[in-house]
Amino acid sequence: VNGRVLRCSSLLGGLLIVLAPPAPTQSRSGERICLEALEAALWRWDARSPIVPGCEVIDCCPGCPGEATLAWSVDVRGADLGAVELRLERFPAPALMALESTGGIRREGPQRFLVPIGARGAWILGMPLSSRERPPLVWPSLVLDPERGARMLAMRSDRERRAAPLEIVVEVRQHWRSMLLSTHLSIFRLVDCRPGGATPSTAADIVRLANNTAGDDAVVLLDGLRNGACANDAIELGAGDIAVGQCEETAICKGEIAVFSDDNAAVLQAAPWTSGADVVHVSMQPPVAVPLKIWLLEAAIGGLPAIDVAKAHVAMATKNYNEGHAGIAFDATYFDLSANAAAKALVGEEDDKLDDPAWVNALTSSAFFTAGMINVYYVPKAAGQAKGRNSQLERNIVMILGGFNPYTLGHEIGHAFSLEHMNDQGVSFYGNLMWEGADDQVTLTEGQCFRINFDPLSVLNVNQHRIGPVQSCPHGSADARCPEVTVDGTP
Ligand SMILES: [Zn+2]
């Protein structure tokens, strides 16, 4: 975090010390809205990632005095089709009462602001600085005016709809006194989701996706010489033919692409760009099937049949990994061991066991473990327990404990896929599946999908669920071969 973070500490009776003027951080999140969804008269679209008032790490300001509030300047750019709603969550009541807005931002009840599209330099004053475990959150939603939306759809010809996506961009700049702390962009893209939609115009080189299931926008991370510089994991989006400009491969700028999408496996392949007009063909495949063996050590969990609870967790993990572009699909089988005394004695109900080599050895050589796949043990006894654990000694062992939430299974499997926590990457990843301690762990970045699929230590490769090229990219590493774990092109 060095220098990127506004750090305060309370010393000698509340003396406020600010170390190192931070360079403003930048984050962005994207939402892709199908025009088809608008045609179904769904005029509201909620972003999946919140904006978090405050600095880049949650505990950046322990003991800061009450004067530490932030001012937000808000711009909303794009076609004037309505407004952007900012919904405030987890704000303490005094903070809600102290908020003020200017420049056309309308307060719609205690926890809602409405910012018209086209607003420039509007302000919200008195944003509390997040300093607690559960930071206040601001959720942007696009709220289209039904009449203007319908007129826009009617006026845009088929051809225009296919050519260029409409974008509504919400830019929030957080200021503390005279200092700009961070800029956050929430981008709503209105796109044509039909197969063949969003066809590019003329450009030199093309990445051509075949068999892109459902014709959704895929994310391409592109390497090669472009515009006189080595492009390193440049993000390109598209559904079929994706124009990527004029790329070349040189000794220094290796040509390579990684492709991530819903409903298709991830692809890592060479892109031998030449000085001519290249077409790089990418054959998209079905998602990689990941078998899960689920052992239920309890018959009922929270009054429900344990198998129903586990199935709901698998469904949630399947959705999050698919929508996050991991390109995998879980195939779970369930075994009821709730009446098996030997199994219950062996597995136990404490997560420290996962660090015990003798226990791991006993379990993996028992009948209650299947080698070559992820084995999940549901032992939820007491509500005060941890949520879940993945064994660092044997990544194919996951334990789900009493403190679980609907995302715990997906989170622990993320560790088995070589992922680490995102808490060191800034609060804009609060909604990420690998944020430790969040309530809503949903999203994945392309940088994470890269590691899930291509890291040789991911169980996807260790178990040979996936066969293909590998590339070791530790959590904090980034170079010509490895994207930052934060790289995110989710449209
Ligand atoms: Zn974890």
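This is a predicted model: local features need pLDDT of at least 70, side-chain atom pairs count only at pLDDT 80 or more; totals for chains, interfaces and linings use all residues.
Which backbone oxygen does the side chain of N264 reach at 3.3 Å? The oxygen belongs to N211.

N264 is placed in strand β20, which covers residues 264-270. The residue is buried, because its relative accessibility is 0% and buried means under 20%.

One is the backbone oxygen of N211, at 3.3 Å. The other is the backbone nitrogen of T213, which lies 2.9 Å from a polar atom of the N264 side chain.

## The zinc site

The zinc ion has H411, H415 and H421 as its protein donors. Each of these histidines is listed with its NE2 atom, and the distances to the ion run from 2.0 to 2.1 Å. Along the sequence, the donor residues follow the spacing H-x3-H-x5-H.

Helix α8, residues 408-416, holds both H411 and H415. These two residues are 4 residues apart, about one turn of the helix. H411 has a relative accessible area of 6% and is therefore buried. H415 also counts as buried, because its relative accessibility is 15%.

## The second largest pocket

How much space lies in the second largest pocket? The volume is about 370 Å³. The lining consists of 18 residues, and the closest to the pocket centre are R395, H415, S418, L419 and E420.

Strand β27 (388-390) and helix α8 each supply at least two residues of the lining. By residue type, the lining divides into 5 nonpolar, 7 polar and 6 charged residues.

## Salt bridges

How many salt bridges does a search of the whole structure find? The search finds 17. Among them is the pair R106 and E108, whose side chains meet with an N to O distance of 3.0 Å. R106 is partly exposed, with a relative accessible area of 49%. E108 is partly exposed as well, at 35% relative accessibility.

Are R173 and E171 buried or exposed? Both residues are buried. R173 and E171 form a salt bridge in which the closest N and O atoms are 3.3 Å apart.

## A link between distant parts of the chain

R208 and D241 form another salt bridge, with 2.8 Å between the closest N and O atoms. The pair links distant parts of the chain, since R208 is in strand β14 (residues 205-210) and D241 is in strand β17 (residues 241-245), 33 residues apart. R208 has a relative accessible area of 32% and is partly exposed. D241 is also partly exposed, with a value of 26%.

Technical notes:
Residues are numbered from 1 along each chain as its sequence is written. Side-chain values use heavy atoms; hydrogens and water are left out. Donors are N, O and S atoms within 2.8 Å of the metal (3.2 Å for Na, K and Ca); water is not among the atoms, so sites may look incomplete. Buried means under 20% relative accessible area, exposed over 50%, partly exposed in between (1.4 Å probe, protein chains only). A salt bridge is a side-chain nitrogen of Lys or Arg within 4 Å of a carboxyl oxygen of Asp or Glu. On a 1 Å grid over the protein atoms alone, a cavity is a set of points where a 1.4 Å probe fits but cannot get out, and a pocket is an open set with protein on both sides within 12 Å along at least five of seven lines; lining residues have an atom within 4 Å of a point. Grid points are joined across faces, edges and corners, and a volume is the space filled by probe spheres set on the points. Ala, Val, Leu, Ile, Met, Phe, Trp, Tyr, Cys and Pro count as nonpolar, Asp, Glu, Lys and Arg as charged, and the others, Gly among them, as polar. A polar contact is a pair of N or O atoms within 3.5 Å; within protein, one must be able to donate a hydrogen and the other to accept it, and residues adjacent in sequence count only if both atoms are side-chain atoms.
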